[in-house]
Amino acid sequence: MLYLSVIIATYNRCQMLPRVFKSLLNQKGIDAFDFEILVVDNNSTDKTAQVVDSFLPQFKNKLRYILETQQGKAFAVNRAIKESRGEILIFTDDDVVAGEFWLNNIVECFKKYNCDGLGGRVLAEYPQNTPGWVKENADILTGPIVLYDYGEEIKPYAKPMYEFLGANFAFKKSIFEECGYFRTDIGPGKGTLGEDTELINRFLKAGKKLYYCGKAVLWHPAESSRMSLKYIGNWNVALGRYRFIADEQRKIDQNLIYWFGMPRYLILNLFRNLIRLILNIFNKRGFLLAWIDLSRNWGKATEIRKNYLKIS
């Protein structure tokens, strides 16, 4: 019988865990496979362990608690990969609600298309007080708003689709053994983002067969605390830092002209972004796009400057 491992990394979110646990208890169409749930506690100081313990009887030995003391999400999920028993590893967040046939649809996609991995559909759950500009611009706010939606169909993954979200993707365990685990120098806990993106692009470069499965759907809360220009800016600064670390491998191009430890072209881009920001002060979407570009370029510029000063 096919065996799955559902992996949930968590940090100080004990109040949210019952959501995902209850949705996993309500899964349907699961007679053809078996599964375990691994909750990796990354040094929580709240009652995470007690909440997990309170659900143990309901899961009948399917639920396991793991404490990972090395801080950082990548360390937590890598620990779970090593301890998992499943042939297919399914990753999700600690605050989601999975659709009733979430696991069934993931398994069916692997069986029908013989894929190495897949990403599922993630829909946002908006609170009642969500500002209209957030919903209207959700397509450019993905990240602060956790959303991944290419419809209900199943299709091969291909650019220009965005990389799958870590809230809802699954891979054969064997490809981790072949291609490596999550990088631990990026992602939450390291001041950047992108540990999921980097992993998917690495699998693609290795020729792995990836699919988008719109039937494997879950809901992720859109948090009010993320609906501010400050949070959106900070998130995109972290994304800009990631792009230099991962995409350019921390390489400083000595052939460029540098001002104050930053490439001249990037400083000029920052000024252009700032001008766009001012010109779009009464255009919400234009302002947001300029703010996002400014934040990403600033993140990349600061990361380049840090590395430039190390070698100068």
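Trainee: Why are H1 and H2 called roughly parallel to each other?

Mentor: In this predicted model, the axes of helix H1 (residues 17-25) and helix H2 (residues 48-59) cross at roughly 15 degrees. Angles under 35 degrees count as roughly parallel, so H1 and H2 are roughly parallel to each other. Their axes come within 11 Å, and the crossing is right-handed.

Trainee: Which residues make the contact?

Mentor: From H1 come Leu17, Pro18, Phe21, Lys22, Leu24 and Leu25, and from H2 come Thr48, Val51, Val52, Phe55, Gln58 and Phe59. By class, that gives nine nonpolar, two polar and one charged residues.

Trainee: Let's move on to Asp95. What makes Asp95 count as buried?

Mentor: Its relative accessible area is 2%, and buried means under 20%, so Asp95 is buried. Asp95 sits in the loop between strand S4 (88-92) and strand S5 (97-98).

Trainee: What joins the side chains of Asp95 and His220?

Mentor: A polar contact of 3.2 Å joins them; the cut-off for such a pair of N or O atoms is within 3.5 Å. Beyond its neighbours within four places in sequence, Asp95 is also in contact with residues including Arg13, Met16, Arg19, Pro221 and Glu223.

Trainee: And Glu36, how do you know whether that residue is buried or exposed?

Mentor: Glu36 has a relative accessible area of 1%. Buried means under 20%, so Glu36 is buried. This residue belongs to strand S2 (residues 33-41).

Trainee: What does the side chain of Glu36 reach?

Mentor: The side chain of Glu36 reaches the backbone nitrogen of Arg85 at 2.8 Å. Setting aside residues up to four places away in sequence, Glu36 touches Tyr3, Leu4, Ser5, Val6, Lys62, Arg64, Ser84, Arg85 and Gly86.

Trainee: Now for Leu288 in helix H10 (residues 284-311). Why is Leu288 called buried?

Mentor: Its relative accessible area is 3%, and the limit for buried is under 20%, so Leu288 is buried.

Trainee: How do you know which residues Leu288 is in contact with?

Mentor: Contact means heavy atoms within 4.5 Å. Leaving aside neighbours within four places in sequence, Leu288 has such contacts with Trp133, Asn137, Ile140, Leu141, Leu229 and Ile232. Take Trp133: Leu288 and Trp133 are 155 residues apart along the chain, and their C-alpha atoms are separated by 9.8 Å.

Trainee: Ile145 lies in a loop between helix H5 (132-136) and strand S7 (154-156). What makes Ile145 count as buried?

Mentor: Ile145 has 2% relative accessibility, against a limit of under 20%, so Ile145 counts as buried despite its place in a loop.

Trainee: What makes the phi of Asn61 worth a look?

Mentor: Most residues other than glycine have a negative phi. Asn61 is not a glycine, yet has a positive phi of about 70 degrees. Asn61 lies in the loop between H2 and strand S3 (63-67).

Trainee: How do you know whether Asn61 is buried or exposed?

Mentor: Exposed means over 50%, and Asn61 has a relative accessible area of 77%, so Asn61 is exposed.

Trainee: Why does Phe260 count as exposed?

Mentor: Phe260 has 70% relative accessibility, and the limit is over 50%, so Phe260 counts as exposed. Phe260 is in the loop between strand S10 (258-259) and strand S11 (262-263), and its phi is positive, near 55 degrees.

Trainee: One last item: which peptide bond is cis, with omega near 10 degrees?

Mentor: That is the bond from Lys159 to Pro160. Most peptide bonds are trans. Pro160 is found in the loop between S7 and strand S8 (168-172).

Technical notes
Residues are numbered from 1 along each chain as its sequence is written. This is a predicted model: local features need pLDDT of at least 70, side-chain atom pairs count only at pLDDT 80 or more; totals for chains, interfaces and linings use all residues. Side-chain values use heavy atoms; hydrogens and water are left out. Helices (H or I, at least four residues) and strands (E, at least two) are DSSP runs, numbered from the N terminus. Buried means under 20% relative accessible area, exposed over 50%, partly exposed in between (1.4 Å probe, protein chains only). A polar contact is a pair of N or O atoms within 3.5 Å; within protein, one must be able to donate a hydrogen and the other to accept it, and residues adjacent in sequence count only if both atoms are side-chain atoms. Axes are lines fitted to C-alpha atoms, for helices over the stretch in contact, and angles run from 0 to 180 degrees between N-to-C directions. Angles under 35 degrees count as roughly parallel, over 145 as roughly antiparallel, 65 to 115 as roughly perpendicular and the rest as oblique. A crossing is left-handed if the near helix is turned anticlockwise from the far one by less than a right angle, and right-handed if clockwise. Ala, Val, Leu, Ile, Met, Phe, Trp, Tyr, Cys and Pro count as nonpolar, Asp, Glu, Lys and Arg as charged, and the others, Gly among them, as polar.
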